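Subject: Handing over the structure

Hello,

Here is the structure that I promised to pass on to you, with the sequence alongside. Please look at it first, and then read the notes below, which go through what was found in it.

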Amino acid sequence: MLNTKLFDILLLSETKLDDSIPNSFYKNDHYIKIRLDRTRHGGGLLIFIKNNINVTKSILLEKMELIYFQIQLKNQKLNFVYSYRAPNLKEQYFFEKLDDFIHSLNLNDPLFIIGDLNMEFNTNYVNSNIRDFTNNNNLVNYVQKPTRIANKFFKKPSISKSTSTLIDLLLHNSNLIDDSDVIDCPFSDHHIVVAKLSIKKPSNTFQKIKCRNLSAANMAKVIETIDNTEFKLLKESDTINDKWLNFKNIILKIVDQVAPLREISLKNINQFPWYDEELLRLRHMKDSYYKRSIRSGLPEDNEMFVYYIKLFNDYNDEKMIEYFKDKSISVKSDKSSNNPISNVNYKGRMTNDKNELCNVFNRFFASISSSSNSTMEECTNFIDGQFDQFRVEETKFKFSFTTANELNDLLSSLPSSSNPGICGIPTKILKSSSLKLRTIIAYLFNCSILSCSIPNDWKTAIVLPLYKNKGSNDNLNNYRAISILPPMAKLFEKLIHKQILAYLNDNNIITNDQHGFRSNHSCESALHEIISEINKIKSKRSIGLLLFIDFRKAFDSVDPRLLLLKLTKIWILDDCVSDSMAFNLGVPQGSVLGPLLFLVFINDIVKYLSDFMVKLFADDTTILISEFSCSINKLIEWCKFNRIDINWNKTKIMFLTNKRNICLPKSINVDKNNVEVVNCFKLLGITIDNNLSFQKYVSEIRNSINKRLYSVERLFYLSDKNMTNTWNTWNRQKGPYYDENVVLIQDNDNVVLIQDNDNVVLIQDNDNVVLIQDNIIQDIITFT
């Protein structure tokens, strides 16, 4: 339907999609998509809108299973509300909420309410709730024919009963609908509702991208030209910025001559490349007999439908297996966003213009600041006093020069698909086999180290707002700024990162309680230490308290002046500083050095909170309190003088005790903030409860494994190698914790998952999944 490009807007309900189905499974370059999955079984909405239509707003309401979007055609705005009312959702409650929502819109604009409301609306009988709703809001239903026809055959009387209902509605408050109709659907007992609007639409546009043809032949020409080019201007330039600009201009001139930038239209990938004429014929026969059996209700028509659907499925499986037999499948994460960013709320005003949206995000990310009212002098005195108490042994750090051979090793870890960023030089060029190019890059890096300065391009990033998939998508606080740095900047940061990390490790500067972004440390090591401490408290039959700290915009709110001061205290920087300049807060997310610099910034919190056990995984901070005589004010004080804010709404408290019949508070007031007391908390991917029973976590793992095994079963057409590769990729990206010793074996109808080191075996046999550890059955997972 999408490939025909006949429809400008296509709306689908009861999609039954969840987070295990990536966006790439239904990608179409002619349409943008808006997706709302239902967290429970079934349900879900999916909307496709042509690229040439300007979507100005979109709102997702999960509780009502509703998607609202607004489109603008020339000067006219049209509001669309698409919803599915589950049969178990009370009608009166649904219409109260729907009424409240549509009255928050501008009712002077045309309004369309579309969806399966599971309420009868035919000429003979109209549900009273929907009748009142349409009358009160001056809405007219433009669907006149039944939209669901169901047949049931009774064997004993040998009769078939048919029911027809009109439950899929198209409500409108104006006269923009020219025509509407109901047509058969080949895969559902619900019919397809189509409508034609009397609105002049813009001409079709195709998604285009700019790219270069860096084929092997063109790459060879580029390398040959570079090797024959003189770079005398670099040595004649005075500053590192001038040297870099000369280098960039020479390289880009060569690349533009061989592989100039060109604009191409994206073509849709054929989702069914194994389809041939016979398979298309069988699909047509299957669909035809499905329609015939729905209309007639005769058992012989239903038997023919069952015959053709089995014939189609068998032949389809055969062609799929044949098509994928000799193909190598590369599996990678689908990081595309579910829904486009159409509007955001900035300072109480909704913004939907694309250019203004970019500027709003820019201003928001640049204006992030701490609520601390401490002066810079107070912060400096606090850090001076703290580092004087916990003095780091003086061992001066000094950057060392690099060579072409060292850069060759660093370049190997740089992905060829990295975005060229603001400098425009493709990563593939930098990774070429040209020794001369690597030698010149090493010269530029050494000049930068020698002059203690960095070219402006290397400090400039393209920032993408990444939705966190939590909260409203029009709230700026629910977006994370991801910096796309030039490949040259990333390569230089890799070099600096390598040298600083070696210094920090050699001098044991980073605390052992920090488990993030460090070798030989992981989520597992942090959790192991936390759970061990919890067990100690429980074994003493005492009461403990876990405080799960959530720092607000931790990476984005790092004050660079305080960071420079801390780097000075650990002898990475000299005491001399440059002249003052305008600055922004934060360490860039998406950079190589950013995480390491954040570890340095937060490192001293562990020693300062010496009365507590503090465990860190980057900014995820867990504090365990066993002695309640200690004051939490030291934490507040550290945050105040380091200009980092605690998000008290997301910070939680959990009590640990074996004692029964003990009355625990629902919340605790900390620094004039009510912090919620919880019985369980998801920490580093593991749901921990106050009894350490892990029952909720086992249930989550059970559901996760069921989804993955079901997905693997659907990949029967892949070779064993590709299937195992897919399983391992899923585990690395989405699994609770991945272990390289986990092996997937498929033998006939059985799928066996074996983890050898810990003697954990997961076996699927028929319909049961059994988890066995040390020959003891721990849990049984049954497919439903």
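Let me begin with strand E20, which is joined by five bridges to strand E22 (residues 620-625), the two running antiparallel. The names come from DSSP, whose runs of H or I over at least four residues are the helices and whose runs of E over at least two are the strands, numbered from the N terminus; two strands are said to pair if DSSP finds at least two bridges between them. Please keep in mind that this is a predicted model, in which local features need pLDDT of at least 70 and side-chain atom pairs count only at pLDDT 80 or more, while totals for chains, interfaces and linings use all residues. Residues are numbered from 1 along each chain as its sequence is written, and side-chain values use heavy atoms, with hydrogens and water left out.

How many of the residues of E20 are buried? Six of its six residues are, where buried means under 20% relative accessible area, exposed means over 50%, and partly exposed lies in between (1.4 Å probe, protein chains only). In a regular strand the side chains alternate between the two faces of the sheet. In E20 both faces are covered, with Gly544, Leu546 and Phe548 buried on one side and Leu545, Leu547 and Ile549 buried on the other.

In the loop between E20 and H15 you will find Ser557, which counts as buried because its relative accessible area is 4%. The side chain of Ser557 reaches the backbone oxygen of Lys553 at 2.7 Å. Another residue placed between strand E20 (544-549) and helix H15 (560-569) is Phe555, whose partner Phe517 sits in the loop between helix H13 (487-506) and helix H14 (523-539), 38 residues apart from it. The ring centres of Phe517 and Phe555 are 6.5 Å apart and their planes stand at 80°, so this pair is edge-to-face. Phe555 is buried, with a relative accessible area of 11%.

That pair brings us to the aromatic rings, of which a search of the whole structure finds 28 pairs. Rings of Phe, Tyr and Trp (its six-membered ring) pair if their centres lie within 6.5 Å, and planes under 30 degrees apart count as stacked, over 60 as edge-to-face and the rest as tilted. For Tyr290 and Phe305 the centres are 5.2 Å apart and the planes are at 55°, so the pair is tilted. Tyr290 lies in helix H6 (residues 277-296) and Phe305 in helix H7 (residues 299-324), 15 residues apart. Tyr290 is buried at 13% relative accessible area, and Phe305 is buried at 16%. One aromatic cluster is formed by Phe231, Trp244, Phe247, Phe445, Trp458 and Phe492.

Some rings also have a charge over them, which requires NZ of Lys or CZ of Arg within 6 Å of the ring centre and within 35 degrees of the ring normal. Arg292 lies over the face of Tyr289, at 4.6 Å from the ring centre, and Lys566 lies over the face of Phe601, at 4.3 Å.

Finally, a search of the whole structure for disulfides (pairs of cysteine sulfur atoms within 2.5 Å) finds zero. Cys663 counts as exposed because its relative accessibility is 76%, whereas Cys680, at 27%, counts as partly exposed.

Best wishes

Terms used
A polar contact is a pair of N or O atoms within 3.5 Å; within protein, one must be able to donate a hydrogen and the other to accept it, and residues adjacent in sequence count only if both atoms are side-chain atoms.
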